[in-house]
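Thanks for coming. I will go through one structure this morning, and I will keep to what the coordinates show.

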Amino acid sequence: MATLTLEELSQVLAPGQPVAGLDLGTKTIGLSVSDIGRRLATPRPVLKRVKFTQDAELLLAFASKEKIAAFVIGLPVNMDGSAGPRVQATRAFVRSMSEKTDIPFVFWDERLSTVAAERTLIEMDVSRKKRAERIDSAAASFILQGALDRLSSLARTAGAD
């Protein structure tokens with residue numbers, strides 16, 4: 001069950017199952033987790049990337065501990081909608097992860113998520129040093145929150161039918 005659309009995910013998620021948000025960087029993986037009602041995304045400490053095997057083990061240990069039902073991973077599409085090398089790297093990461101887990105992945109357009117996270121941290125008067133430490137998890141929360149909002153919208157639409 002490697003990758004799903006958000007619409008497909010909304011059909012297979014059981015109530016009370018949290019979802020994780022991922023912001024895949026070259027040096028870190030930003031993490032966030034939803035509450036069991038899937039209304040709010042909360043940042044978690046970043047994972048420092050080492051090599052894929054270790055990264056996968058840490059990510060799966062995190063998923064097990066948090067009882068994660070799915071991953072929403074930011075897809076770093078260029079502003080013009082084109083796919084660059086970071087998109088290819090993200091898709092390759094998900095392909096490799098699908099060999100190690102049955103937890104589904106959903107790609108989420110992450111354009112401007114880091115910018116929004118940075119602005120929020122600045123508004124909260126977080127120092128430059130602490131912003132650097134928190135930016136990836138804050139971006140993961142923006143990614144996940146967008147997906148949670150869409151899941152909520154899908155649920156309302158399904159309920160109206």
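I start with open space. The largest pocket has a volume of about 350 Å³. Its lining is made up of 18 residues, and the ones closest to the centre are Arg 38, Leu 151, Ser 152, Leu 154 and Ala 155. Please keep in mind that this is a predicted model.

Which helix gives the largest share of the lining of the largest pocket? That is H5, with 8 residues. Helix H1, residues 6-12, also takes part: H1 and H5 each supply at least two residues of the lining.

Staying with H5, I want to look at one of its residues. Helix H5 covers residues 128-160, and Ser 137 lies in it. Is Ser 137 buried or exposed? Ser 137 has a relative accessible area of 4%, and since the cut-off for buried is under 20%, it counts as buried. What is around Ser 137, leaving aside its neighbours within four places in sequence? The contacts are Gly 30, Leu 31 and Ser 32, together with Pro 43, Arg 44, Pro 45 and Val 46. For Arg 44 there is a distance to quote: a polar atom of the Ser 137 side chain lies 2.4 Å from the backbone oxygen of Arg 44.

Now the sheet. It is an open sheet of 6 strands with mixed pairing, and the order is E1-E6-E5-E2-E3-E4. The edge strands are E1 and E4, the latter being residues 41-48, and each of them pairs on one side only. Helix H3, residues 85-98, packs on this sheet. H3 touches E1, E2 (19-24), E3 (28-34), E5 and E6, and its direction makes about 160 degrees with that of E5.

Let me take the E1 end in detail. Strand E1 is residues 3-4 and strand E6 is residues 105-109; the two pair in the parallel sense over 2 bridges. Thr 3 stands opposite Phe 105 in E6, and Leu 4 has Val 106 as its bridge partner in that strand.

What joins E6 to strand E5? E5, residues 70-75, runs parallel to E6, and 5 bridges join them.

Note on methods
Residues are numbered from 1 along each chain as its sequence is written. This is a predicted model: local features need pLDDT of at least 70, side-chain atom pairs count only at pLDDT 80 or more; totals for chains, interfaces and linings use all residues. Side-chain values use heavy atoms; hydrogens and water are left out. Two strands pair if DSSP finds at least two bridges between them. Helices (H or I, at least four residues) and strands (E, at least two) are DSSP runs, numbered from the N terminus. Contact means heavy atoms within 4.5 Å. Axes are lines fitted to C-alpha atoms, for helices over the stretch in contact, and angles run from 0 to 180 degrees between N-to-C directions. Buried means under 20% relative accessible area, exposed over 50%, partly exposed in between (1.4 Å probe, protein chains only). A polar contact is a pair of N or O atoms within 3.5 Å; within protein, one must be able to donate a hydrogen and the other to accept it, and residues adjacent in sequence count only if both atoms are side-chain atoms. On a 1 Å grid over the protein atoms alone, a cavity is a set of points where a 1.4 Å probe fits but cannot get out, and a pocket is an open set with protein on both sides within 12 Å along at least five of seven lines; lining residues have an atom within 4 Å of a point. Grid points are joined across faces, edges and corners, and a volume is the space filled by probe spheres set on the points.
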